[in-house]
Amino acid sequence: MIPEITDAERKEQEFLSQYDPNEYERPSIASDVLVFSTEGPVLKLLLIKRNDYPFKGKWCLPGSFIGTDETAEEAASRTLLKETGMTGIAMEQLYTFSKIDRDPRMRIISVSYIAMVPNRAMRFQKGIRDGEAVLFEVVRTEDGFELLSDLKEPSLQGIPDHGIRVRKNEIAFDHAEIIQTALDRMAGKIDYTDIGFHFLDDKEAFTLTELRLIYNAVKGVEHDIGNFRRFIKNRYIITGKIINNREDRKGFGRPAATYRYTGVNRQQPVK
């Protein structure tokens with residue numbers, strides 16, 4: 001038997017059948033991806049050189065419009081795959097940027113994502129021509145940041161070129177604001193979450209020096225070696241989130257060759 005619908009269900013079906021979605025103006029929604037990596041104590045960010053107007057020839061974050069049959073996260077993953085060929089990369093949502101005038105073409109809302117890519121896994125179409133990408137070094141400055149690359153653009157009138165330098169006001173759309181928000185967010189979160197481990201080339205065998213350099217890169221400061229070791233011991237070694245490969249959690253005070261990341265807190269609750 002087909003179950004009878006209630007009066008409330010019938011009224012809702014009638015409402016939906018008569019509803020006109022074109023009655024209201026709708027903005028477009030895009031997904032922008034901040035592809036970060038680290039190399040030693042240096043934080044790096046992937047930017048694309050725009051090959052279309054507006055901002056033709058300017059640098060911007062990889063991004064795309066969200067399709068009607070996909071989520072914002074799926075669009076971010078698709079963008080990452082298209083620009084870098086990478087899958088299975090750790091990503092997390094950063095923020096939704098919705099200023100009315102953030103795009104000169106029309107009303108576009110951006111849902112932004114941070115992708116944390118190990119250095120050895122980074123793949124992209126490197127170049128300085130329109131549509132190609134550059135992995136920039138992120139340099140903190142008094143007013144936020146600037147981006148540097150040793151790739152050389154064509155010289156003008158015989159003037160030697162010493163690489164690419166991109167300042168905040170030279171980045172397309174409001175992507176400088178998005179980048180600054182991401183830098184601030186990661187610098188804060190790395191102390192109380194495990195995001196630093198996503199940058200490791202090998203989570204099964206890494207040194208504390210490798211991990212400390214990642215923290216230095218993400219926070220933009222140099223950590224004292226002794227303080228950093230105590231921080232890692234208290235937060236990760238004692239809890240079992242990382243394990244000494246050589247001694248399998250024995251002798252925490254002695255130096256170890258490498259560690260492995262378990263991500264599991266095995267600390268027993270205090271009774």
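This is a predicted model: local features need pLDDT of at least 70, side-chain atom pairs count only at pLDDT 80 or more; totals for chains, interfaces and linings use all residues.
**Salt bridges**

Side chains of opposite charge can pair when their charged atoms come close. The structure holds 14 salt bridges.

| Salt bridge | N to O distance |
|---|---|
| Glu14 and Arg10 | 2.9 Å |
| Lys189 and Glu92 | 2.8 Å |
| Glu170 and Arg167 | 3.9 Å |

Glu14 has a relative accessible area of 38% and is partly exposed. Arg10 is also partly exposed, and its relative accessible area is 33%.

Glu170 and Arg167 form another salt bridge, at 3.9 Å from N to O. The relative accessibility of Glu170 is 29%, a value that counts as partly exposed. Arg167, with a relative accessible area of 35%, is partly exposed too. Elsewhere, salt bridges with shared partners connect Asp7, Arg10, Lys11 and Glu14 in one network.

The salt bridge of Lys189 with Glu92 has its closest N and O atoms 2.8 Å apart. This pair joins distant parts of the chain, as the partners are separated by 97 residues. Lys189 lies in helix H3 (residues 175-189), while Glu92 lies in strand S5 (residues 90-97). Is Lys189 buried or exposed? Its relative accessible area is 16%, and since buried means under 20%, Lys189 is buried.

**Packing of helices H4 and H5**

Two packed helices are described by the angle between their axes and the distance between the axes. Helix H4 spans residues 208-219 and helix H5 spans residues 225-237. Their axes are 11 Å apart and meet at an angle of about 100°. Because angles of 65 to 115 degrees count as roughly perpendicular, H4 is roughly perpendicular to H5.

Which residues make the contact? On the H4 side they are Leu208, Leu211, Arg212 and Tyr215. H5 contributes Ile225, Phe228, Arg229, Phe231, Ile232 and Tyr236. By class, the residues of this contact comprise 8 nonpolar and 2 charged, with no polar ones.

How values were computed:
Residues are numbered from 1 along each chain as its sequence is written. Side-chain values use heavy atoms; hydrogens and water are left out. A salt bridge is a side-chain nitrogen of Lys or Arg within 4 Å of a carboxyl oxygen of Asp or Glu. Buried means under 20% relative accessible area, exposed over 50%, partly exposed in between (1.4 Å probe, protein chains only). Helices (H or I, at least four residues) and strands (E, at least two) are DSSP runs, numbered from the N terminus. Axes are lines fitted to C-alpha atoms, for helices over the stretch in contact, and angles run from 0 to 180 degrees between N-to-C directions. Angles under 35 degrees count as roughly parallel, over 145 as roughly antiparallel, 65 to 115 as roughly perpendicular and the rest as oblique. Contact means heavy atoms within 4.5 Å. Ala, Val, Leu, Ile, Met, Phe, Trp, Tyr, Cys and Pro count as nonpolar, Asp, Glu, Lys and Arg as charged, and the others, Gly among them, as polar.
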